[in-house]
Amino acid sequence: SQKTKSQDVNLLENFNNYTNPDNYKAFRNKRLQNWSWEKAQDRVTIKTSEAPVLNPQREQAGWGIANVIAQRGIIKDRDLQQYLTNIALLIGENSHRFEAPVQVYILDTDTFTGYAAPNGAIFVSKAALQLIESEAEFAFFAAHELAHIVHNHGMKETERRKTKIRAEKRFQELNQELEQDDNKYEKVEQELNQLANQMYEYVVSDRLKQYEYSADYWAFAYMYRAGYDPEGGLNLLQRIYDKQGDFEQKIGKAVWKGSSLRKRIA
């Protein structure tokens, strides 16, 4: 509530207005009428013990994160948002955490992007929706983001970065205490900070890649269990690659950014 008071987009209001259980039940029944759910779940089994249980504190933090992302601008289209949320809910039912409170929001941006917050909020950009050509492709998109939430990738990485976060805070406090007017070394300091951050990202890059591979792996499992053709996910990744090429592998001289789409497809 405190986070939304001073901001343009109120996700709580948006969430309440765009959730319709009866609409979802009708959607679910229609999608599964010709699909042997039991057979699919037998073929691709998952154990709830493979993923952490939902944490109320994590969900609270997620609302803060989601509200920050939402300030980029949300497209309010009741029918479209309900439709996308229904797909994500069906995927969620077939994930490790069927009780996850999934909700889809559409970002008003022309950049192909997607985000997942720990409270179950999945963001898809307008540009991403324009590139997606089928329900199965969006099912993969939603399943990939949901896998990040279910397996707690964001919070795991935050925990692992605590030492770096504490160190940055101490340096900021030291600078405030010194109160130096002389900006003689300011440029040098910025360059050293940038280099240090690049080196750190380079060191953790293998770990970050594993999050993406894990999210892809479970996304295929979740969407198959929900009755979607997993090839839709591969088609989407290939189309992104064909449109924009691979993600940049370097920024400056050291940094790795994003998982290679080519390697993910392979």
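The side chains of glutamate 99 and arginine 97 meet in a salt bridge, with N and O 3.0 Å apart. This comes from a predicted model. The two partners sit in unlike surroundings. Arginine 97 has a relative accessible area of 9%, so it falls under the 20% limit and is buried. Glutamate 99 has 38% relative accessibility, so it counts as partly exposed.

Side chains of opposite charge can pair when their charged atoms come close. The structure holds nine such salt bridges. Another of them joins arginine 239 and glutamate 137, at 2.6 Å from N to O. Arginine 239 belongs to helix H12 (residues 231–244) and glutamate 137 to helix H8, so this pair ties together parts that lie 102 residues apart in sequence. Both ends are out of the open: arginine 239 is buried, and glutamate 137 is buried too.

A further pair is arginine 264 with glutamate 212, whose closest N and O atoms are 3.7 Å apart. Here the elements are helix H13 (residues 261–265), which holds arginine 264, and helix H11 (residues 186–225), which holds glutamate 212, so the bridge links parts 52 residues apart in sequence. Arginine 264 and glutamate 212 are both buried. Salt bridges can also share partners: Asp108, Asp110 and Lys126 are joined in this way into one network.

Return now to H8 and H12. Their axes are 7 Å apart, and the helices pack at an angle of about 85°. That angle lies between 65 and 115 degrees, so H8 and H12 are roughly perpendicular to each other. On the H8 side, the contact is made by Ala136, Glu137, Phe140 and Phe141. H12 contributes Gly232, Gly233, Asn235, Leu236, Leu237 and Arg239. Five residues of this contact are nonpolar, three are polar and two are charged. Glu137 and Arg239 are in the contact, and these residues also form the 2.6 Å salt bridge.

Next comes the sheet. Three strands form an open sheet in the order S1-S3-S2, and their pairing is mixed. Strand S1 (103–107) and strand S2 (114–116) are the edges, each pairing on one side only. Neighbouring strands are turned by 20° against each other on average, with direction ignored. S2 and strand S3 (residues 121–125) run antiparallel and are joined by three bridges. Within this part of the sheet, glycine 114 stands opposite valine 124 in S3.

Helices pack against these strands. Helix H8 (residues 135–150) touches S1, S2 and S3, and its direction makes about 140° with that of S3. Helix H6 (residues 78–93) lies across S1 and S3, running at about 135° to S1.

Finally, step back to the whole protein. It has 13 helices and three strands. Of its 266 residues, 41% count as buried. Take the contacts between residues at least 6 apart in sequence: 73% of them join residues at least 24 apart.

Definitions and conventions. Residues numbered from 1 in each chain as written. Predicted model: local features only at pLDDT ≥ 70, side-chain atom pairs only at ≥ 80, totals over all residues. Heavy atoms only, no water. Pairing = 2+ DSSP bridges. Helix = DSSP H or I, 4+ residues; strand = E, 2+ residues; numbered from the N terminus. Axes fitted to C-alpha atoms, helices over the stretch in contact; angles between N-to-C directions. Contact = heavy atoms within 4.5 Å. Salt bridge = Lys/Arg side-chain N within 4 Å of Asp/Glu carboxyl O. Buried < 20%, exposed > 50% of the residue type's maximum accessible area, 1.4 Å probe, protein only. Parallel < 35°, antiparallel > 145°, perpendicular 65-115°, else oblique. Nonpolar A, V, L, I, M, F, W, Y, C, P; charged D, E, K, R; others polar.
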